[in-house]
Amino acid sequence: MTVIQRLFTAVFGPGVERDTREWRIECPQCGHNADLWERGGVRYKASGTKWTLGRCSACGHRGRVKIHRP
Ligand SMILES: [Zn+2]
């Protein structure tokens, strides 16, 4: 768990992990996607697609990565 995840869980409870695990983080370059929670992210009570800065562990792409709910 990352510091952010620990903080969110302390404040909002175990629903944070449950919610976050519905989200995938996807690389626009190669299409590789991963569990957002496993990648250290948090997405709680959110909707829609979000773009954020990150790094792809598959192709090494740095820049915008997509966070979405499949
Ligand atoms: Zn990639």
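Here is a walk through the structure, stop by stop, with something to select at each one.

**Before you click**

You're looking at a predicted model, where local features need pLDDT of at least 70 and side-chain atom pairs count only at pLDDT 80 or more, while totals for chains, interfaces and linings use all residues. Residue numbers start from 1 along each chain as its sequence is written.

**Stop 1: the whole chain**

Show the cartoon for everything. The protein chain has two helices and four strands, and reading along the sequence gives α-α-β-β-β-β. The chain's radius of gyration is 12 Å, close to the 11 Å that the globule rule gives for 70 residues, so it is as compact as a globular protein of that length. (That radius is taken over C-alpha atoms, and the rule is 2.2 Å times the number of residues to the power 0.38.) Helices (H or I, at least four residues) and strands (E, at least two) are DSSP runs, numbered from the N terminus.

Of the 70 residues, 20% count as buried. Buried here means 20 or more other C-beta atoms within 10 Å of the residue's own, exposed means 12 or fewer, and partly exposed is in between, with C-beta atoms placed from the backbone.

**Stop 2: helix α1**

Select residues 3-12. This is helix α1, and it's hardly covered: among its 10 residues, the count of buried ones is one. Now click on G13, which follows α1 and has a positive phi near 90°.

**Stop 3: the sheet**

Select the strands together. In what order do the four strands sit in the sheet? The order is β2-β1-β4-β3, in an open sheet with antiparallel pairing. The edges belong to β2 (33-35) and β3 (50-55), each with a single partner strand, so one side of each has no neighbour in the sheet. From one strand to the next, the twist averages 35°. (Axes are lines fitted to C-alpha atoms, for helices over the stretch in contact, and angles run from 0 to 180 degrees between N-to-C directions.) Two strands pair if DSSP finds at least two bridges between them.

Go across the sheet pair by pair:

- Strand β1 (residues 24-26) and β2 run antiparallel, joined by three bridges; click E26 to find N33 of β2 opposite.
- β1 and β4 are antiparallel too, over three bridges, and the bridge partner of E26 in β4 is K66.
- β3 and strand β4 (residues 62-68) run antiparallel with six bridges between them. Here K50 stands opposite I67 in β4, and R55 has R62 in β4 as its bridge partner.

Then follow the hairpin of β3 and β4, which has six residues between the strands, and stop at G60, where phi is positive, near 85°.

**Stop 4: the nonpolar core**

Show side chains for W23, I25, C27, L36, W37, C56, V65 and I67. These eight residues make up the largest nonpolar core. (A nonpolar core is a set of buried Ala, Val, Leu, Ile, Met, Phe, Trp, Tyr and Cys residues joined through C-beta atoms within 7 Å.) In soluble globular proteins, nonpolar side chains tend to be buried together.

Center on V65 in strand β4. V65 counts as buried because it has 22 C-beta neighbours inside 10 Å. Leaving aside neighbours within four places in sequence, V65 is in contact with I25, E26, C27, P28, T52, G54 and C56. (Contact means C-beta atoms, placed from the backbone, within 7 Å.)

Next, pick W37, in the loop between β2 and β3. With 21 C-beta neighbours inside 10 Å, W37 counts as buried. Again leaving aside neighbours within four places in sequence, W37 is in contact with E17, T20 and R21. Draw a C-alpha distance from W37 to E22, 15 residues away along the chain, and you'll get 8.8 Å.

**Last stop: K45**

Is K45 buried or exposed? With 8 C-beta neighbours inside 10 Å, K45 counts as exposed. K45 lies in the loop between β2 and β3. Check the backbone there: phi of K45 is near 50°, a positive value in a residue other than glycine. Most residues other than glycine have a negative phi.

Notes:
Two residues are in contact if their C-beta atoms, placed from the backbone, lie within 7 Å.
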